[in-house]
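These are notes for a first reading of the model. Please keep the sequence and the 3D view open while going through the points.

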Amino acid sequence: MNSLIRAYINGKIYISFQPVKIVNGLVVANERIIYTGNCEKAMKIARELQGEIIDLKGRTVLPGFIDSHIHLTALGQSLQMLNLKEAKNIEELKKRLKEYSAKVETSWILGFGWDQEKLGRYPTRKDIDEIIQNKPVLLYRTCFHVAVLNTKAIEITKLNEEEDVDLEKGIVRENALEKVRKIVNKTLSVEDHKHFIEKGVKFALSQGITSIGFVSVNEKSLKALIELDSEGKLPIRVFLYLNPSLLKTMKKLGLKRGTGGKKVKIMGIKVLADGSLGARTAWLSKPYADAPTDGHPNISEEELRKIVKEAHALGLQMAIHAIGDKATDMILRIYEEFKSDLRPRIEHASILREDQMKKMRELGVVTSVQPRFIISDWWAVKRLGKERAGWIYPFKKMLKRGIPIGFGTDSPIEPINPWESVYAAVTRGKFEGIETYEYTKEECLSVEEAMKAYTYGSAYIMHVENEFGSLENGKFADFIVVDKDPFEVNEKELKSINVLEAYVGGLKYY
């Protein structure tokens, strides 16, 4: 028997979503699809080539999900960190911190997921000091753009009072938080990164994700990925968007887009242009409705222009984080100055005006959006005010105006489970009573639109749509088997769909 030839029969196999195309037979040879159609012909091909025949027993098969924006090392690390997403008040946060710290022996106590809107106020260093004094503690807000430190952590990081630092409360934001993050990362080795990445990819695969766009990749994570790929330890495909600090290395070595190994490819450069709505650090064109600030940029226009110029010279795709509309204005000015066919990306594009969408279409800008933010940011209308509520995640408008979108989770900021994001894109908080839905219900996507954005759409914005994103002939056989057909369940049931099996290159990895 030829183990490189496999026929999958008796399944409800979705080849693509727009248009919806369904077959019941699929043949894979050397990782790629060579036939889609009826069972009888699929079995005939397999027998003639002495391949294996696998009966799907009527189950539903879908193209593997492609998460276009994820922090892979942080995801793996978060699986071992203190998760505070369910903490409803400060006392519960402290209780969870005390229980967690008694179980771990790490040099830093790390946690994530708190939201001051749920807690009733920001946690402070005094709160943390009541629990832990002898070890540094770093607890990220759910957006990872703000954190609270205890006194020990402040002493180690030698922070001073500045725009993004409130020493009295132990609160750090944006660029100051990045300094803290770098200090923590110095304590981690390449082996640590390999450990986190292995945990992250296995968990992603268990959720039905067969490819990811790994953003904000640092040098240690890059080395770890290269080693894991060479060792054959990566079950999924990883497309990299590196930190700007690695541009010099790319230039020195003459590396360009597509450089990599079997499952790892360098695609571009990721830059953080502003912060988050939750922390009120996203850069808006008008002040927040609930605070006398309009946020601020995390990088100057001059510095961003320099990075884009250098990246484009190497054929690298830019992926720039912009939550606020003023940050998007800055990015579009630079993208217009350095016009290219590289499909420049805007990450999140949370707040978009009509004139910006028109400009994005003209410049060939693509977007990676995170539908689950709609539910997590249930307070968004309060931040922006009712007059700007219609600007929040205008998915439908973007598609109608011809702006390509791919889905991502920004995990570990949001759950990596794709069905949570599909559900959010289709319902926009309707069943949770989220105010955003009332102002933007016309932005709800159909299941077909959401599934396409999470497969072909994500592949397109990463320049790999010719090999991934659907189960057409010639493409890699990356697919999943699920327990329910997403087109046959009601909206509420979408997030309860489970992945039973996951295949990459026709091989079963989960």
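1. The largest nonpolar core has 121 residues, and Leu138 and Leu240 touch the most other members. A nonpolar core here is a set of buried Ala, Val, Leu, Ile, Met, Phe, Trp, Tyr and Cys residues joined through side-chain atoms within 4.5 Å. Buried means under 20% relative accessible area, exposed over 50%, and partly exposed in between, with a 1.4 Å probe and protein chains only. Apart from this core lies another, of 20 residues, including Tyr100, Tyr122, Val137 and Ala279. In soluble globular proteins, nonpolar side chains tend to be buried together.

2. Before going on, note that this is a predicted model, in which local features need pLDDT of at least 70 and side-chain atom pairs count only at pLDDT 80 or more, while totals for chains, interfaces and linings use all residues. Residues are numbered from 1 along each chain as its sequence is written, and side-chain values use heavy atoms, with hydrogens and water left out.

3. What does Leu240 touch, leaving aside its neighbours within four places in sequence? Leu240 is in contact (heavy atoms within 4.5 Å) with Phe214, Val217, Leu222, Leu225, Val264, Lys265, Ile266, Met267 and Gly268.

4. Helix 8 covers residues 190-206, 17 residues, and its first and last C-alpha atoms are 24 Å apart, close to the 24 Å expected at 1.5 Å a residue. The expected span is 1.5 Å times one less than the number of residues. Helices (H or I, at least four residues) and strands (E, at least two) are DSSP runs, numbered from the N terminus. Among the buried residues of helix 8 are His193, Phe196, Ile197, Val201 and Leu205. The buried residues of this helix pack against helix 2, strand 13 (209-217), helix 9 (219-230) and strand 21 (499-504).

5. The second largest pocket has a volume of about 490 Å³. Its lining has 27 residues, and Lys85, Arg372, Ile413, Glu414 and Pro415 are the closest to its centre. On a 1 Å grid over the protein atoms alone, a pocket is an open set of points with protein on both sides within 12 Å along at least five of seven lines, whereas a cavity is a set of points where a 1.4 Å probe fits but cannot get out; lining residues have an atom within 4 Å of a point. Grid points are joined across faces, edges and corners, and a volume is the space filled by probe spheres set on the points. Helix 2 (72-78), strand 8 (109-114) and helix 14 (373-376) each supply at least two residues of this pocket's lining.

6. How many cavities of 30 Å³ or more are there? The count comes to three. The largest cavity holds about 150 Å³ of space. Its lining has 18 residues, and Cys143, Ser276, Phe373, Asp377 and Ile413 lie nearest its centre. The second largest cavity holds about 60 Å³, and residues lining it include Pro63, Thr210, Phe468 and Asp478.

7. Two peptide bonds deserve a look. Gln18 and Pro19 are joined by a cis bond with omega about 5°, and Pro19 lies in the loop between strand 1 (2-17) and strand 2 (20-29). The bond from Ser411 to Pro412 is also cis, with omega near 15°; Pro412 lies in the loop between strand 19 (405-407) and helix 17 (418-427). Most residues other than glycine have a negative phi, and most peptide bonds are trans.

8. Two residues other than glycine have a positive phi: Lys57, near 55°, and Tyr393, near 40°. Is each of them buried or exposed? Lys57 counts as exposed because its relative accessibility is 68%, while Tyr393 counts as buried because its value is 3%. Lys57 sits in the loop between strand 4 (51-55) and strand 5 (60-63), and Tyr393 in the loop between helix 15 (380-384) and helix 16 (395-400).

9. Asp274 lies in the loop between strand 15 (264-272) and helix 11 (301-313). At 0% relative accessibility, Asp274 counts as buried. Not counting residues up to four places away in sequence, Asp274 touches, among others, His145, Glu174, His296, Asn298 and His321.
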